[in-house]
Each structure stands twice: as C-alpha cells, then as structure tokens.
Amino acid sequence: MSQILEGLKYSESHEWVKVEDGIALVGVTDYAQKEMGDITYVDLPDEGDEVTAGESFGALESVKASSDLYSPVSGEVVEVNSELEDAPEKVNEDPYGSWIIKVKLADASELDALLTAAAYTALIDE
Amino acid sequence: MEDIKITCLHGRHLALGAKMSPFAGFDMPIQYSSIINEHLAVRQKAGVFDVSHMGEIWVEGADAEAFVNHVFTNDVRGLEPGHILYGMMCYPDGGVVDDLLVYREFVPESYLLVVNAANIEKDYEWLLSQLEGWNCSVRNESDSWGQIALQGPKAEGILVNLFGMKEAAQLGFYTFCNLEYKGKRLILSRTGYTGEDGFELYTTPENTVELWDRLMEAGVEPCGLGCRDTLRFEAGLPLYGDELSPEISPIMAGLGIFCKLDKEFIGRDALAAQKENGAPKKLVGIEIEDKAIPRAGYPVELEDGSEVGVVTTGYHSISLDRSICFALVDAAYSKLDTPLWIRIRKKVFPGKVVKKRFYQTNYKK
C-alpha cells in the first residue's frame, strides 16, 4: 500500500503540493517513488525559472528509466532542494519529506483543479 | 497483451512479489527488492536469475559441425566436447540474426545452440531455411528446458556445498559438463552475462523449480532482468536489439574477434569488406561528466550540435558511480578520448569516448 497524506493536493502525474504562505512545495508521491524504484538522479530546474502547471520542470532518473516531473502549479521557482543532488535516494526514503522545488504561486486558484487525498487514492486504486 | 508466455518459475516470481514486465514475449521479473541490491549481490556474493526464457536448439547429424560452422561466425571446427563458443549468426549482408552460445555436446555430431528468447522462432526458422543440402536436423526444445543463472564470486561454493556439484570447481570458463538431478539431465555450464564468475544450469522445468527453491531456502538473492542489464552493460557485453541487430553488424559492435574471416560462413564477405574498408559506424563507450543518465535513443552530438550517433544503452553505473553508455556513432568519432556531447532532455552534456568494458570482469580462467 502506498502512503497518501491528508491535507496535500495531488496531480494525476503523481506529484504532491503543500502550500505554506503562498509558496508551494512540490514533490512526488510514495506511489511514484515505488513505481520508479531506486532513484539515482534528480534533474532540477534553476532557481528563478518559471514553471507552468502541467508542464515538465525536471526529471527523476531511476536505474532503469527516466520520468519527467510535471509542475502542478505555475509560478517562479524560488528554491530547489539541492540536497537531492547528492542524495537522490531521499526521494525513495521519505517522498513527502523530500520536496523538490518551491514555487511562488502565480495563481492560487490552480490548486482547486488538483486532486484531494481521497481523489488521488481513488486514482491509484484503479 | 495476448499470447504472453511464462517460464516454469513464474509462480515463484509472483510469490516473491517481483515487479513483472513483458520481455521478449515472456512475463518476466524485472526486480524483486531493488536493482541496486540485486546488482551488488551478484558483484559481491551471488545472485540467481530465471533465464528459462532463453532458447535451446539442437543441431545433430553427420553434417552438424559443417552446418553450424556455415551459419555461425565463430569457428567450431576442432571445438572439443564440453567446450562452448560465443558468436553470431549473420545475414548475407553482415547484419545479425542473433548472438548465441554453441555447446559442443559429448555425444558425437551434436551441438546445442543457446539463443535469445526474443529470437527463438526467428532463429529456428532461419536455421531451417538454410538446411537444404545438409545432412543434419534442427530441433527447437526451448519449451522443454528451464534455465537458471547462478552468478557471482560465491556461485561455485554454493553449487558444491548446497547441491554437492563438486564438478563446478573443476569447470573452466566457457566449458560445461553433464550431471543428473532427480534422474534427469542437467547441463552445468560455466558461463554467464554479468562479468562475474558464474554458472548456468539447464534442466527440466520441474528440476529448475526445485533448484530455485533450494537456492531461496539457502538465502541466495533472487535477481531480475533489471540488474541483468546493468551487470552485462558494465561488463561491456552487448544485448541483441540494442548493440547487435540486422542493422548493427558484429564489426560495427567491435565483436570482430568472434568472426573468423578465414573460414566460410553466411555474411563472411560482407563482414570482411567492413573490416577492410572500415565500418561506417562503430559502437563506442561514452562517459559524461555529470550524474545525468544517457538513455537509449538520446542523440550523440558534436560541439556544434550536429548529430553523429545515438545511445544504445546507458546507466549511471551502480558499481562504478559513473554515467556511461554504449553509443553507435559515425566511425570518424570512435577513437578513444574523442570529445562527444550527449543531449539529455533540454541540456547537452560533454563527454568523451572510453573503453566499452567499463568494469574489470572477474571470470575464472
């Protein structure tokens, strides 16, 4: 069983979003990290980059495959989790503790289009 | 997904909770615990693979030696019973039908051809199509045989201590012997696809399941096709479909040593011409100075962005902590240390040509 946290928002492409003071922390779900297996590299954007909801902002690489990361929200990347450059396995070990980017929300209403924990649970149970 | 095949160990893989995926027409385990764990188990201790999907084709009869030598790039003349050769079957244009092992049986006039799972039917049909005029038979027994590969520095000790197969200690690399297990034939072969010492055991499906269960009880790591690929890649070994194909000849792949151009075989003239005139493309190793991973299909470029090749297999190497790949490039850019760039998503990473055998293999001579 994959862990899904209440109170977060989810994308259909298996990212999670947690909003703190207008800043969205974005990571990947437990389900996503399990599907990928051992993550060996996180391709991060640069701080200051603009990301757009639904568009790729980077990638996770496992031993076997590469998987694009899609931003659930639009805005400026104010911080990237550079700790993941040297320790990509943290995404496997603690997917909800390992945010990948922080985005300054350009349009908070985009959050309404994302899935609740219950809706995301239904999605991965399908 | 119609007509997907399973091996005799399929139920065992499901019970172990393996991540399964279609490979070569079979539903196969990709990993059980983690590709990294399984990879390291083989490098440091031992791991066991279900390779029952591989094909076993026998060529037998008065002309068996001459016929095998006609379709096979390596030279089986004088190959002693119990000895094994690696090589390819080629089309007349030098493209590859398959790469395979040829076992010289202990009984006279008999050769076992061990072929890739994806190519069993194609190889069998190819052999039949070439058979006219030769006094020998070709028999595909792939469905009647199970096969496991026990690989790693502890493999020999496990066979001797767990199964009492003391013959394992006597076998040299690329030789085999016949054993009996539960009254059925078992072929014990000191071969593998990992760059480590190891063995492949061919026997009945029932025996295969029993051997597997005993290895599991003894705590040997079950290993999936995921680490089979990372291991063979590090050891510089090609995979048919990636580094060898109807379009990628053994000369392009740097496997000319397995093509004996001083004898007749199908494709000889084309391969001799490629060797003489230089193949248009060459398979190289490339290392990039970043942790990004060059994957199959990514373009290989020059500094000005012009494309000169394509990645065929690539990983962030588990044993070496280097981002490396095989790539098929224009021959002009195949020399060691040639600077080349690999485009990975939106970025371009500088690298250079390196030796294809990334990992120092540990075969027992």
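Among contacts in chain A between residues at least 6 apart in sequence, what percentage join residues at least 24 apart? The share is 65%, and you can look for such contacts in this predicted model.

**View 1. Chain A, from one end of the chain to the other.** Let's start with the parts list: four helices and nine strands make up the elements of chain A. Starting at the N terminus, they follow the order β-β-β-α-β-β-β-β-β-α-α-β-α. The radius of gyration of chain A is 13 Å, close to the 14 Å given by the globule rule for 126 residues, so chain A is as compact as a globular protein of that length. Along the principal axes, its C-alpha atoms fill a box of roughly 35 × 35 × 20 Å. Of the 126 residues of chain A, 42% are buried.

**View 2. Where chain B touches chain A.** Here 14 residues of chain B are in contact with ten residues of chain A. On the chain B side, helix H2 (35-44), helix H7 (225-234) and strand E16 (307-316) each supply at least two of the touching residues. Sorted by class, the chain B side has six nonpolar, five polar and three charged residues.

**View 3. Leu150(B) in the largest nonpolar core.** This core holds 128 residues, and Leu150(B) and Ile286(B) touch the most other members. Strand E17 (residues 323-330) of chain B gives the core its largest share, six residues. Now find Leu150(B): leaving aside neighbours within four places in sequence, its contacts include Ala46(B), Val48(B), Ile158(B) and Phe199(B).

**View 4. Two domains of chain B side by side.** The domain assignment of chain B lists domain 1 (10-50 + 145-234), domain 2 (55-131) and domain 3 (280-354). The C-alpha centres of domain 1 and domain 2 of chain B are 23 Å apart. Twelve residues from domain 1 and ten residues from domain 2 take part in their contact. Strand E10 (residues 176-181) of chain B provides the largest share of the domain 1 side, three residues. That side has seven nonpolar, five polar and no charged residues.

View 5. In helix H4 (residues 120-129), the buried residues are Ile120(B), Asp123(B) and Leu127(B). Seen down the axis of H4(B), they fall within an arc of 70 degrees, so they line one face of the helix. On the face turned away from the buried side, look for the exposed residues Glu121(B), Leu128(B) and Ser129(B). The buried residues of H4(B) pack against several elements of chain B, among them helix H3 (64-71) and strand E6 (96-104).

Definitions and conventions: Residues numbered from 1 in each chain as written. Chains lettered and ligands numbered in written order. Predicted model: local features only at pLDDT ≥ 70, side-chain atom pairs only at ≥ 80, totals over all residues. Contact = placed C-beta atoms within 7 Å. Nonpolar A, V, L, I, M, F, W, Y, C, P; charged D, E, K, R; others polar. Core = buried A, V, L, I, M, F, W, Y, C linked by C-beta atoms within 7 Å. Buried ≥ 20, exposed ≤ 12 C-beta atoms within 10 Å, placed from the backbone. Domains from an automatic or database assignment. Arc of directions from axis to C-beta. Rg over C-alpha atoms; globule rule 2.2 N^0.38 Å.
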